[in-house]
Amino acid sequence: MDLITNLMLGFGVAFTAQNLLYAFFGCVLGTLIGVLPGLGPVATIAMLLPSIYSLDATPALIMLAGIYYGAQYGGSTTAILINVPGESSSVVTAIDGYQMARQGRAGPALAAAGLGSFFAGCVGTIIIAAFAPPLTELAFKFGPQEYFSLMVLGLVGAVVLASGSLLKAISMIILGLTLAQINTDVISGTARYSFDIPELTDGIGFVVIAMGVFGFGEIIANLGMPAEHREVFTNEVKGLWPTKQDFKDAWPAVLRGTSLGSVLGVLPGGGALLASFAAYTLEKKMSMRPGEVAFGKGNIRGVAGPESANNAGAQTSFIPMLTLGIPPNAVMALMVGAMTIKGIQPGPQVMTSNPQLFWGLIASMWVGNLMLVILNLPLIGIWIKLLTVPYRFLFPAITLFCCIGVYTLNNNQFDVYLTAVFAAVGYLFYKLSCEGAPLLLGFILGPMMEENLRRALLLSRGDWSTFMIRPLSAGLLIAAALMVATVMLPSIKKKREVAFVED
Amino acid sequence: MKIKSERDFWSGIMFTVVGIVFAVGATNYSMGASARPGPGYFPLLLSIILAILGGIVLFKSLTIETEGGDPIGSIAWRPLLVIVLGITVFGVALPRLGMVVTVPVLIVISSFAGDEFKWKGVAVNAVVLTVFSWLIFVAGLKLTIPLWPTFLVN
């Protein structure tokens, strides 16, 4: 079978000493930044990008991938132990995980998160291996119309399942798309909105926006909150092993979370964050076993479901990047950047032109997940030590790393100044309850959307119906319309609001 | 007219203003036609949609009742200004003064954003992070970051 031979090739690449070492390095670093609130995979990968010039493409990508899914593991540790999600995708884990820790059940919560993530990681790896080749075949049939419609579907999917106001989320996407128009027009070569500043003719780097809005905006918001006494449950992590009843409760949630996460990860705009929110909502809708602990009070399903989902989503979000060259989130956009640095054009041809890289990366994900379970369960004590570092030492360090990350990306001070501006903008968004994630996604997809839209219109001689005449494109647009329509239905709208209000 | 949701009111203003500014800007570039869209085509389309959406957000904030008026709350001026200042100083200083000077300066400035500021803790933090950054970024990752002030090197 092709799948087996491909995976054999992949494991052959992944099990070389060098690649194992880089996978391990990525996983350790990922867990570390996952545990540290405020420092995410985007900042870390941005910092490491300049250094991969000296590496081969395969170990470089293996390491960067390890950082991304490693952060999903680390993020849950902080969420459970101190009620501060280390990663945005662990926000919902904190709800029930922290309650479990308060009841002295931090161990089972951590085990559910770790084992659930491992299971999801294994399934995610198999899904990539199984679905990437047929999707690549399909991708060769994609014209500009399909690419455009697929991105519309992704953007719609991202807002529909996001929390908060739908209208504002859509506005943030459009705002992101608009900001992406500050660049040089690829077709005519006209510099747009550059005000004769040479740095702006290349466009604003999305790392600048990501660091400003997520990194610094979050630090300012954290410092603006009244200093609260943080309880750290460090001594109480004794019995890691969950009870029989815990297993019985958790495994269906792990299965549901994994399936949901795998599907949502494939959507452009999906990924870990979206998957964990959706999984938590789903778990709440499932019927309760008599005598089961309520959600928000320490239900193990509320930890197992979202944690499996965010790891599955983190894995499968490699699919649109690897097969279509479309980055579904900021981390994948950086991965595209890393591939470009190494002279590989992301897209459907990667699988045939660089099979070693493609299958090696996929196999390394399984290896990495195995490493992460060991790093995060038996060695949990090391990471807990980190949590006792007070925030007043942490936030200057995070500020420093973000600054260095922005500077080294292009060795350019202008990027640093722009980041300062976006730090203030990020705080403004926080104050106005406007979410940053849809903005960033719109910003990343903006140039690709414009290019494909204009190409499609050129081919159809200005006829907009071209998007509906081609069956693939029409199907994608109809799916997007259905999604919006479903959320607009009064009954679902109400449920959706309730689901997020309680969070 | 009374503002029913303060956060949405200002969000609406923000979207509308940005939309109008970009729409006016787009008129500087050639529109082309649907069959051959010019560089101004997509920006104009987007900014008009943005302005309209902003208008709807604004309208809703004035008509739909929210609990407690959804206030913005107090603004954390100190962390905001200190962090923004810290980043800017970092950008100005790094190429000129190098990492050895810039890193401690950034740590000291940004530490003022917190509630408590103790010289001893901040000094230790600054030294540790300077050595750590050198180890990781210069020695380990071999990034090209200026280390010493340019006037010393020359």
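Guide: The radius of gyration is taken here over C-alpha atoms, and the globule rule is 2.2 Å times the number of residues to the power 0.38. This is a predicted model, in which local features need pLDDT of at least 70 and side-chain atom pairs count only at pLDDT 80 or more, while totals for chains, interfaces and linings use all residues. Residues are numbered from 1 along each chain as its sequence is written, and chains are lettered from A and ligands numbered from 1 in the order in which they are written.

Visitor: What radius of gyration does chain A have?

Guide: Chain A has 22 Å; a compact globule of 503 residues would have a value near 23 Å, so the two agree. The C-alpha trace of chain A spans about 65 × 55 × 55 Å along its principal axes.

Visitor: How many helices and strands are there in chain A?

Guide: Both are DSSP runs numbered from the N terminus: helices are H or I with at least four residues, strands E with at least two. Chain A has 23 helices and 0 strands.

Visitor: Is Gly347(A) buried or exposed?

Guide: A residue is buried if 20 or more other C-beta atoms, placed from the backbone, lie within 10 Å of its own, exposed if 12 or fewer, and partly exposed in between. Gly347(A) has 20 such atoms within 10 Å and is therefore buried. Its place is the loop between helix H14 (330-341) and helix H15 (350-353) of chain A. Of the 503 residues of chain A, 62% count as buried.

Visitor: How many residues does each chain give to the contact between A and B?

Guide: Two residues are in contact if their C-beta atoms, placed from the backbone, lie within 7 Å. Chain A gives 54 residues and chain B gives 58. On the side of chain A that touches chain B, the largest share, 11 residues, comes from H18(A).

Visitor: At what angle do H8(A) and H2(B) pack?

Guide: Axes are lines fitted to C-alpha atoms, for helices over the stretch in contact, and angles run from 0 to 180 degrees between N-to-C directions. Angles under 35 degrees count as roughly parallel, over 145 as roughly antiparallel, 65 to 115 as roughly perpendicular and the rest as oblique. H8(A) and helix H2 (residues 41-63) of chain B pack at about 155°, with axes 9 Å apart. The two helices are therefore roughly antiparallel. Residues making this contact include Leu167(A) and Ile174(A) of H8(A), and Leu46(B) and Val57(B) of H2(B).
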